[in-house]
Amino acid sequence: MNTTNYIKLGFVILGTVTLASCGGDKKAGMQQGPPPPTQVTKATVTDQEVITTDSYPGVVVALNEVELRPQVGGYITAIYVKDGQKVTKGQKLYEIDRTKYIAAHTAAKASVAVAKANRDKAKKDADRYTRLAEQDAVAKQRVDYALTDLANAESQVASAQAQLSSAANDLQRSIIVSPLTGTIGISQVKLGALASPGTTLLNTVSSNNPIAVDIAVNQAEIPRFMRLQKDGSAVKDSLFNVQLQDGSIYKGQGHITAIDRAVDPQTGTIKVRISYPNPDGRLLAGMTVNLKALNKSSEHQLVIPYKAVIEQLGEFNVFVVGDSSKAEPRIIKLGKQFNTSVVVKSGLKQGEVIVVDGVQNVKPGAVVTDAPADAAPGAQPAAGAVKK
(Lines give C-alpha, C1' and ligand atoms only; values in the text may rest on other atoms or scores of the structure.)
Protein backbone atom coordinates (compact mmCIF):
# COMPACT_ATOMS: atom_id res chain seq x y z
CA MET A 1 0.00 0.00 0.00
CA ASN A 2 1.39 3.45 -0.94
CA THR A 3 1.59 6.53 1.18
CA THR A 4 -1.56 8.09 -0.28
CA ASN A 5 -3.67 5.12 0.72
CA TYR A 6 -2.34 5.27 4.32
CA ILE A 7 -3.32 8.92 4.59
CA LYS A 8 -6.85 8.21 3.33
CA LEU A 9 -7.27 5.34 5.84
CA GLY A 10 -6.16 7.61 8.67
CA PHE A 11 -8.79 10.21 7.82
CA VAL A 12 -11.49 7.57 7.75
CA ILE A 13 -10.53 6.24 11.22
CA LEU A 14 -10.30 9.77 12.68
CA GLY A 15 -13.71 10.68 11.31
CA THR A 16 -15.21 7.56 12.80
CA VAL A 17 -13.74 8.28 16.20
CA THR A 18 -14.95 11.87 16.05
CA LEU A 19 -18.49 10.85 15.16
CA ALA A 20 -18.49 8.26 17.93
CA SER A 21 -17.28 10.83 20.43
CA CYS A 22 -19.94 13.32 19.41
CA GLY A 23 -22.65 10.69 19.64
CA GLY A 24 -21.47 9.61 23.12
CA ASP A 25 -21.39 13.15 24.40
CA LYS A 26 -24.88 13.78 23.15
CA LYS A 27 -26.19 10.60 24.81
CA ALA A 28 -24.50 11.47 28.11
CA GLY A 29 -25.99 14.92 27.98
CA MET A 30 -29.45 13.48 27.59
CA GLN A 31 -29.04 11.42 30.83
CA GLN A 32 -28.01 14.36 33.02
CA GLY A 33 -30.47 16.36 35.20
CA PRO A 34 -32.27 15.97 38.59
CA PRO A 35 -33.82 12.56 39.44
CA PRO A 36 -37.61 12.28 39.22
CA PRO A 37 -39.62 12.83 42.44
CA THR A 38 -40.35 9.68 44.44
CA GLN A 39 -44.01 8.76 44.48
CA VAL A 40 -45.28 8.20 48.03
CA THR A 41 -48.40 8.45 50.11
CA LYS A 42 -48.43 10.88 52.99
CA ALA A 43 -50.22 11.37 56.28
CA THR A 44 -50.73 14.30 58.59
CA VAL A 45 -49.79 13.99 62.25
CA THR A 46 -53.07 14.13 64.17
CA ASP A 47 -54.00 14.82 67.76
CA GLN A 48 -56.66 12.41 69.03
CA GLU A 49 -57.98 10.41 71.95
CA VAL A 50 -56.12 7.13 72.24
CA ILE A 51 -57.65 3.87 73.42
CA THR A 52 -55.16 1.04 73.68
CA THR A 53 -55.47 -2.52 74.93
CA ASP A 54 -53.14 -3.77 77.64
CA SER A 55 -52.62 -7.53 77.96
CA TYR A 56 -52.03 -9.27 81.29
CA PRO A 57 -51.42 -12.98 81.85
CA GLY A 58 -54.05 -14.24 84.26
CA VAL A 59 -55.18 -17.33 86.14
CA VAL A 60 -58.81 -18.31 86.63
CA VAL A 61 -59.65 -18.84 90.30
CA ALA A 62 -62.81 -19.92 92.11
CA LEU A 63 -64.29 -17.30 94.40
CA ASN A 64 -65.59 -20.05 96.70
CA GLU A 65 -63.49 -23.19 97.07
CA VAL A 66 -63.27 -25.60 99.99
CA GLU A 67 -61.01 -28.59 100.55
CA LEU A 68 -62.81 -31.51 102.16
CA ARG A 69 -60.84 -33.01 105.07
CA PRO A 70 -62.43 -35.25 107.70
CA GLN A 71 -62.77 -34.05 111.28
CA VAL A 72 -62.89 -37.62 112.57
CA GLY A 73 -60.81 -40.62 111.60
CA GLY A 74 -61.75 -43.99 110.20
CA TYR A 75 -62.20 -46.02 107.05
CA ILE A 76 -64.24 -44.68 104.13
CA THR A 77 -67.39 -46.81 103.99
CA ALA A 78 -69.44 -44.89 101.42
CA ILE A 79 -69.03 -42.33 98.63
CA TYR A 80 -72.36 -40.77 97.63
CA VAL A 81 -71.34 -38.68 94.60
CA LYS A 82 -69.54 -39.14 91.29
CA ASP A 83 -66.40 -37.27 90.31
CA GLY A 84 -67.14 -33.88 88.76
CA GLN A 85 -70.77 -33.92 89.84
CA LYS A 86 -72.79 -30.82 90.66
CA VAL A 87 -73.57 -30.72 94.37
CA THR A 88 -75.73 -28.60 96.64
CA LYS A 89 -75.01 -27.26 100.09
CA GLY A 90 -75.65 -29.92 102.75
CA GLN A 91 -75.61 -32.85 100.31
CA LYS A 92 -73.99 -36.06 101.61
CA LEU A 93 -70.63 -36.77 99.98
CA TYR A 94 -68.61 -39.29 102.06
CA GLU A 95 -69.19 -41.56 105.01
CA ILE A 96 -66.57 -42.69 107.53
CA ASP A 97 -67.06 -45.93 109.50
CA ARG A 98 -69.65 -44.91 112.11
CA THR A 99 -69.56 -48.00 114.34
CA LYS A 100 -67.49 -46.57 117.17
CA TYR A 101 -69.14 -43.16 116.93
CA ILE A 102 -72.59 -44.68 117.26
CA ALA A 103 -71.40 -46.68 120.26
CA ALA A 104 -69.83 -43.60 121.84
CA HIS A 105 -73.03 -41.64 121.29
CA THR A 106 -75.13 -44.37 122.87
CA ALA A 107 -72.81 -44.58 125.86
CA ALA A 108 -72.91 -40.82 126.29
CA LYS A 109 -76.71 -40.85 126.27
CA ALA A 110 -76.69 -43.52 128.97
CA SER A 111 -74.25 -41.50 131.05
CA VAL A 112 -76.57 -38.51 130.86
CA ALA A 113 -79.48 -40.64 132.00
CA VAL A 114 -77.49 -41.98 134.98
CA ALA A 115 -76.31 -38.49 135.91
CA LYS A 116 -79.84 -37.14 135.78
CA ALA A 117 -81.10 -40.01 137.97
CA ASN A 118 -78.39 -39.31 140.54
CA ARG A 119 -79.24 -35.62 140.45
CA ASP A 120 -82.92 -36.32 140.99
CA LYS A 121 -82.13 -38.54 144.00
CA ALA A 122 -79.79 -35.93 145.44
CA LYS A 123 -82.44 -33.27 144.99
CA LYS A 124 -85.04 -35.33 146.84
CA ASP A 125 -82.61 -35.95 149.69
CA ALA A 126 -81.76 -32.27 149.89
CA ASP A 127 -85.43 -31.28 149.95
CA ARG A 128 -86.24 -33.84 152.66
CA TYR A 129 -83.34 -32.83 154.91
CA THR A 130 -84.20 -29.18 154.44
CA ARG A 131 -87.79 -29.76 155.70
CA LEU A 132 -86.54 -31.80 158.62
CA ALA A 133 -84.06 -29.09 159.54
CA GLU A 134 -86.92 -26.58 159.64
CA GLN A 135 -88.50 -28.78 162.30
CA ASP A 136 -85.19 -29.20 164.12
CA ALA A 137 -85.47 -32.92 163.43
CA VAL A 138 -82.04 -33.26 161.83
CA ALA A 139 -78.69 -31.67 162.30
CA LYS A 140 -77.94 -28.66 160.08
CA GLN A 141 -74.67 -30.28 159.03
CA ARG A 142 -76.64 -33.07 157.39
CA VAL A 143 -78.51 -30.53 155.30
CA ASP A 144 -75.22 -29.08 154.12
CA TYR A 145 -74.04 -32.51 153.03
CA ALA A 146 -77.25 -33.07 151.09
CA LEU A 147 -76.98 -29.73 149.28
CA THR A 148 -73.35 -30.50 148.40
CA ASP A 149 -74.34 -33.87 146.96
CA LEU A 150 -77.01 -32.12 144.86
CA ALA A 151 -74.48 -29.62 143.47
CA ASN A 152 -72.12 -32.45 142.58
CA ALA A 153 -74.91 -34.31 140.86
CA GLU A 154 -75.79 -31.20 138.82
CA SER A 155 -72.15 -30.94 137.72
CA GLN A 156 -72.13 -34.60 136.70
CA VAL A 157 -75.22 -34.01 134.56
CA ALA A 158 -73.52 -31.06 132.84
CA SER A 159 -70.39 -33.14 132.22
CA ALA A 160 -72.41 -36.04 130.82
CA GLN A 161 -74.34 -33.70 128.53
CA ALA A 162 -71.06 -32.22 127.24
CA GLN A 163 -69.78 -35.70 126.46
CA LEU A 164 -73.05 -36.47 124.69
CA SER A 165 -72.73 -33.32 122.62
CA SER A 166 -69.17 -34.23 121.63
CA ALA A 167 -70.21 -37.77 120.71
CA ALA A 168 -73.13 -36.42 118.69
CA ASN A 169 -70.79 -34.08 116.80
CA ASP A 170 -68.37 -36.90 116.04
CA LEU A 171 -71.25 -39.03 114.81
CA GLN A 172 -72.50 -36.17 112.63
CA ARG A 173 -69.01 -35.48 111.28
CA SER A 174 -68.64 -39.08 110.18
CA ILE A 175 -70.90 -38.00 107.31
CA ILE A 176 -69.11 -35.37 105.18
CA VAL A 177 -71.54 -32.99 103.49
CA SER A 178 -70.97 -30.28 100.90
CA PRO A 179 -70.28 -26.87 102.48
CA LEU A 180 -71.51 -25.01 99.40
CA THR A 181 -73.34 -25.38 96.11
CA GLY A 182 -70.95 -25.99 93.24
CA THR A 183 -68.95 -28.73 91.55
CA ILE A 184 -67.00 -31.48 93.26
CA GLY A 185 -63.66 -32.59 91.86
CA ILE A 186 -62.08 -36.01 91.42
CA SER A 187 -62.05 -38.02 94.64
CA GLN A 188 -58.66 -38.37 96.29
CA VAL A 189 -59.66 -41.48 98.25
CA LYS A 190 -61.35 -44.78 97.45
CA LEU A 191 -63.73 -46.99 99.42
CA GLY A 192 -61.92 -48.61 102.30
CA ALA A 193 -59.20 -45.98 102.51
CA LEU A 194 -58.15 -44.85 105.98
CA ALA A 195 -58.81 -41.16 106.57
CA SER A 196 -56.99 -39.26 109.30
CA PRO A 197 -58.70 -36.29 110.94
CA GLY A 198 -57.55 -32.94 109.60
CA THR A 199 -54.89 -34.32 107.25
CA THR A 200 -56.42 -36.58 104.58
CA LEU A 201 -57.69 -34.65 101.56
CA LEU A 202 -60.90 -36.26 100.37
CA ASN A 203 -61.89 -33.88 97.58
CA THR A 204 -62.43 -30.22 96.70
CA VAL A 205 -65.70 -28.40 96.09
CA SER A 206 -65.78 -25.07 94.28
CA SER A 207 -68.41 -22.68 93.04
CA ASN A 208 -67.78 -21.68 89.40
CA ASN A 209 -70.47 -19.03 89.03
CA PRO A 210 -69.36 -16.35 89.50
CA ILE A 211 -65.66 -16.95 88.90
CA ALA A 212 -62.63 -14.67 88.85
CA VAL A 213 -59.36 -13.97 87.06
CA ASP A 214 -56.26 -12.92 89.01
CA ILE A 215 -53.67 -10.72 87.28
CA ALA A 216 -50.42 -9.11 88.43
CA VAL A 217 -50.37 -5.35 87.89
CA ASN A 218 -47.29 -3.15 88.03
CA GLN A 219 -47.35 -0.83 91.03
CA ALA A 220 -47.28 2.19 88.69
CA GLU A 221 -50.78 1.22 87.50
CA ILE A 222 -52.33 0.88 90.95
CA PRO A 223 -54.03 4.33 90.89
CA ARG A 224 -55.62 3.52 87.53
CA PHE A 225 -57.04 0.20 88.74
CA MET A 226 -58.27 1.77 91.97
CA ARG A 227 -60.21 4.30 89.89
CA LEU A 228 -61.64 1.49 87.78
CA GLN A 229 -62.71 -0.40 90.90
CA LYS A 230 -64.79 2.57 92.01
CA ASP A 231 -66.14 3.25 88.50
CA GLY A 232 -69.63 1.77 88.23
CA SER A 233 -69.64 2.09 84.44
CA ALA A 234 -66.57 -0.12 84.04
CA VAL A 235 -68.71 -3.24 83.57
CA LYS A 236 -70.92 -1.62 80.92
CA ASP A 237 -67.89 -0.41 78.98
CA SER A 238 -66.45 -3.95 78.75
CA LEU A 239 -63.08 -2.76 79.98
CA PHE A 240 -61.94 -6.28 80.82
CA ASN A 241 -62.13 -9.11 78.30
CA VAL A 242 -60.77 -12.60 78.75
CA GLN A 243 -58.94 -14.23 75.82
CA LEU A 244 -58.81 -18.01 76.06
CA GLN A 245 -55.95 -20.20 74.86
CA ASP A 246 -57.74 -20.93 71.57
CA GLY A 247 -57.83 -17.20 70.83
CA SER A 248 -61.55 -16.77 71.44
CA ILE A 249 -62.88 -13.97 73.64
CA TYR A 250 -65.09 -14.78 76.61
CA LYS A 251 -68.18 -12.60 76.33
CA GLY A 252 -68.85 -12.11 80.03
CA GLN A 253 -68.34 -8.62 81.41
CA GLY A 254 -66.01 -8.41 84.40
CA HIS A 255 -65.51 -5.99 87.24
CA ILE A 256 -62.80 -5.57 89.84
CA THR A 257 -63.78 -7.23 93.11
CA ALA A 258 -60.52 -6.94 95.03
CA ILE A 259 -57.07 -5.40 94.98
CA ASP A 260 -54.55 -7.12 97.22
CA ARG A 261 -53.46 -5.45 100.46
CA ALA A 262 -49.79 -5.06 99.55
CA VAL A 263 -47.28 -4.96 96.69
CA ASP A 264 -44.98 -7.94 96.28
CA PRO A 265 -41.52 -6.40 96.95
CA GLN A 266 -39.78 -9.06 94.82
CA THR A 267 -41.78 -8.40 91.65
CA GLY A 268 -43.07 -4.86 92.21
CA THR A 269 -46.60 -6.00 91.30
CA ILE A 270 -49.91 -6.27 93.10
CA LYS A 271 -52.65 -8.85 92.58
CA VAL A 272 -55.95 -7.66 91.14
CA ARG A 273 -59.01 -9.93 91.07
CA ILE A 274 -61.69 -9.44 88.40
CA SER A 275 -64.99 -11.32 88.70
CA TYR A 276 -67.05 -12.70 85.80
CA PRO A 277 -70.44 -14.40 85.50
CA ASN A 278 -69.94 -18.00 84.42
CA PRO A 279 -73.37 -19.61 83.96
CA ASP A 280 -72.18 -22.03 81.27
CA GLY A 281 -69.07 -23.08 83.17
CA ARG A 282 -66.80 -22.10 80.27
CA LEU A 283 -64.19 -20.72 82.66
CA LEU A 284 -62.62 -23.34 84.90
CA ALA A 285 -60.44 -22.74 87.93
CA GLY A 286 -56.76 -23.08 87.09
CA MET A 287 -57.03 -22.01 83.44
CA THR A 288 -54.38 -19.60 82.16
CA VAL A 289 -55.79 -16.76 80.07
CA ASN A 290 -54.87 -13.34 78.70
CA LEU A 291 -56.83 -10.48 80.16
CA LYS A 292 -57.36 -7.59 77.74
CA ALA A 293 -57.89 -4.28 79.52
CA LEU A 294 -58.86 -1.15 77.61
CA ASN A 295 -56.68 1.83 78.48
CA LYS A 296 -58.27 5.18 77.66
CA SER A 297 -55.86 8.11 77.65
CA SER A 298 -56.76 10.99 79.93
CA GLU A 299 -55.72 13.52 77.23
CA HIS A 300 -55.22 13.60 73.48
CA GLN A 301 -51.95 12.34 72.01
CA LEU A 302 -50.13 12.54 68.67
CA VAL A 303 -50.79 9.52 66.46
CA ILE A 304 -49.23 8.35 63.16
CA PRO A 305 -49.48 5.16 61.07
CA TYR A 306 -47.03 2.59 62.40
CA LYS A 307 -45.78 1.63 58.92
CA ALA A 308 -44.32 5.13 58.51
CA VAL A 309 -41.74 4.33 61.21
CA ILE A 310 -38.21 3.19 60.33
CA GLU A 311 -36.12 1.50 63.02
CA GLN A 312 -32.34 1.82 62.79
CA LEU A 313 -29.91 0.81 65.52
CA GLY A 314 -32.57 1.04 68.21
CA GLU A 315 -33.78 4.48 67.08
CA PHE A 316 -37.07 5.26 65.38
CA ASN A 317 -37.25 7.66 62.44
CA VAL A 318 -39.83 9.08 60.06
CA PHE A 319 -39.48 11.18 56.91
CA VAL A 320 -41.02 14.60 57.37
CA VAL A 321 -42.07 16.42 54.19
CA GLY A 322 -41.26 20.16 54.23
CA ASP A 323 -42.68 23.07 52.20
CA SER A 324 -40.33 22.31 49.28
CA SER A 325 -41.64 18.71 49.10
CA LYS A 326 -38.27 17.46 50.34
CA ALA A 327 -38.29 14.56 52.79
CA GLU A 328 -35.93 14.75 55.73
CA PRO A 329 -35.47 12.05 58.40
CA ARG A 330 -36.31 12.84 62.00
CA ILE A 331 -35.78 10.84 65.18
CA ILE A 332 -38.93 10.27 67.25
CA LYS A 333 -39.89 8.51 70.46
CA LEU A 334 -42.79 6.10 70.36
CA GLY A 335 -45.51 5.30 72.84
CA LYS A 336 -48.07 2.53 72.75
CA GLN A 337 -49.02 0.82 69.51
CA PHE A 338 -52.67 0.10 68.80
CA ASN A 339 -54.23 -1.39 65.68
CA THR A 340 -52.18 0.05 62.76
CA SER A 341 -51.23 3.27 64.57
CA VAL A 342 -48.70 4.28 67.19
CA VAL A 343 -48.45 7.12 69.70
CA VAL A 344 -45.58 9.60 69.26
CA LYS A 345 -44.22 10.94 72.53
CA SER A 346 -41.75 13.40 71.01
CA GLY A 347 -40.15 14.46 67.72
CA LEU A 348 -43.25 15.52 65.80
CA LYS A 349 -45.83 18.27 65.95
CA GLN A 350 -49.49 18.25 65.14
CA GLY A 351 -50.16 19.06 61.48
CA GLU A 352 -46.75 17.99 60.13
CA VAL A 353 -46.76 15.76 57.05
CA ILE A 354 -44.87 12.47 56.99
CA VAL A 355 -44.21 9.77 54.41
CA VAL A 356 -46.21 6.57 54.92
CA ASP A 357 -46.12 4.29 51.86
CA GLY A 358 -42.97 4.20 49.76
CA VAL A 359 -40.73 5.18 52.67
CA GLN A 360 -38.24 2.48 51.67
CA ASN A 361 -37.53 4.35 48.42
CA VAL A 362 -36.99 7.77 49.99
CA LYS A 363 -33.51 9.17 50.57
CA PRO A 364 -32.71 12.15 52.82
CA GLY A 365 -33.39 15.38 50.95
CA ALA A 366 -35.27 13.64 48.13
CA VAL A 367 -38.24 15.37 46.52
CA VAL A 368 -41.45 13.40 46.96
CA THR A 369 -44.81 13.64 45.26
CA ASP A 370 -48.18 12.07 45.82
CA ALA A 371 -48.57 8.70 44.13
CA PRO A 372 -51.61 8.27 41.89
CA ALA A 373 -54.55 6.65 43.58
CA ASP A 374 -54.28 3.58 41.33
CA ALA A 375 -50.49 3.25 41.65
CA ALA A 376 -48.82 0.75 43.92
CA PRO A 377 -47.34 2.38 47.04
CA GLY A 378 -43.72 3.33 46.51
CA ALA A 379 -43.79 2.83 42.71
CA GLN A 380 -41.39 4.94 40.69
CA PRO A 381 -42.52 6.94 37.59
CA ALA A 382 -41.42 5.68 34.19
CA ALA A 383 -38.49 7.33 32.38
CA GLY A 384 -39.54 10.54 30.66
CA ALA A 385 -42.70 10.76 32.76
CA VAL A 386 -41.38 13.50 35.02
CA LYS A 387 -44.19 15.77 36.13
CA LYS A 388 -43.64 19.35 34.95
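Me: Exposed means over 50% relative accessible area, and buried means under 20%. This is a predicted model. Is Leu313 buried or exposed in it?

Reply: Leu313 sits in the loop between β17 (310–312) and β18 (315–321). Its relative accessibility is 92%. The cut-off for exposed is over 50%, so Leu313 counts as exposed.

Me: What is the phi of Leu313?

Reply: Most residues other than glycine have a negative phi. Leu313 is a residue other than glycine, yet its phi is positive. The value for Leu313 is near 50°.

Me: Ser325 also has a positive phi, although it is not a glycine. Which loop holds Ser325?

Reply: The phi of Ser325 is about 65°. At 27% relative accessibility, Ser325 counts as partly exposed. Ser325 is found in the loop between β18 and β19 (327–338).

Me: Let us step back to the whole chain. How many helices and strands does the protein have?

Reply: The protein has 388 residues, and 32% of them count as buried. Among contacts with a separation of 6 or more, 75% come from residues 24 or more positions apart. The secondary structure comes to 4 helices and 22 strands.

Me: Are helices α2 and α3 roughly parallel or roughly antiparallel?

Reply: Helix α2 covers residues 99–134, and helix α3 covers residues 140–173. Their axes come within 7 Å and cross at roughly 165°. Angles over 145 degrees count as roughly antiparallel. Therefore α2 and α3 are roughly antiparallel.

Me: How many nonpolar residues does the contact of α2 with α3 have?

Reply: α2 passes α3 in a left-handed crossing. By class, their contact includes 7 polar and 9 charged residues. The count of nonpolar residues there is 21.

Me: How far apart are the C-alpha atoms of His105 and Leu171?

Reply: His105 is found in helix α2. Beyond residues up to four places away in sequence, His105 touches Leu164, Ala167, Ala168 and Leu171. Along the chain, His105 and Leu171 are 66 residues apart. Their C-alpha atoms are separated by 7.2 Å.

Me: Is Ser275 buried or exposed?

Reply: Ser275 is found in strand β14 (residues 269–276). Leaving out residues up to four places away in sequence, its contacts include Leu63, Pro210, Gln253 and His255. The relative accessibility of Ser275 is 6%. Because the limit for buried is under 20%, Ser275 counts as buried.

Me: Pro210 is one of those contacts of Ser275. What is the omega of the peptide bond from Asn209 to Pro210?

Reply: Pro210 lies in strand β10 (residues 203–218). Most peptide bonds are trans. The bond from Asn209 to Pro210 is cis. Its omega is near 5°.

Me: Which residue has its backbone nitrogen 3.1 Å from a polar atom of the side chain of Thr181?

Reply: Thr181 is found in the loop between β7 (175–177) and β8 (182–184). Thr181 is partly exposed, with a relative accessible area of 47%. Leaving aside neighbours within four places in sequence, Thr181 is in contact with Val87, Thr88, Lys89 and Ser207. The backbone nitrogen in question belongs to Lys89.

Me: What distance separates the C-alpha atoms of Thr181 and Val87?

Reply: Val87 is among the contacts of Thr181. The two residues are 94 residues apart along the chain. Their C-alpha atoms are separated by 5.6 Å.

Me: A polar contact of 2.8 Å joins the side chain of Glu352 to another side chain. Which residue is the partner?

Reply: Glu352 is found in the loop between β20 (341–346) and β21 (353–357). A polar atom of its side chain also lies 2.8 Å from the backbone nitrogen of Lys349. Not counting residues up to four places away, Glu352 touches Ala43, Thr44, Val45, Val320 and Arg330. The side-chain partner is Arg330.

Me: How far apart are Arg261 and Lys271 in space, C-alpha to C-alpha?

Reply: Arg261 is found in the loop between β13 (255–259) and β14. At 78% relative accessibility, Arg261 counts as exposed. Arg261 and Lys271 are 10 residues apart in sequence. C-alpha to C-alpha, the distance is 8.6 Å.

Methods
Residues are numbered from 1 along each chain as its sequence is written. This is a predicted model: local features need pLDDT of at least 70, side-chain atom pairs count only at pLDDT 80 or more; totals for chains, interfaces and linings use all residues. Side-chain values use heavy atoms; hydrogens and water are left out. Helices (H or I, at least four residues) and strands (E, at least two) are DSSP runs, numbered from the N terminus. Buried means under 20% relative accessible area, exposed over 50%, partly exposed in between (1.4 Å probe, protein chains only). Contact means heavy atoms within 4.5 Å. A polar contact is a pair of N or O atoms within 3.5 Å; within protein, one must be able to donate a hydrogen and the other to accept it, and residues adjacent in sequence count only if both atoms are side-chain atoms. Axes are lines fitted to C-alpha atoms, for helices over the stretch in contact, and angles run from 0 to 180 degrees between N-to-C directions. Angles under 35 degrees count as roughly parallel, over 145 as roughly antiparallel, 65 to 115 as roughly perpendicular and the rest as oblique. A crossing is left-handed if the near helix is turned anticlockwise from the far one by less than a right angle, and right-handed if clockwise. Ala, Val, Leu, Ile, Met, Phe, Trp, Tyr, Cys and Pro count as nonpolar, Asp, Glu, Lys and Arg as charged, and the others, Gly among them, as polar.
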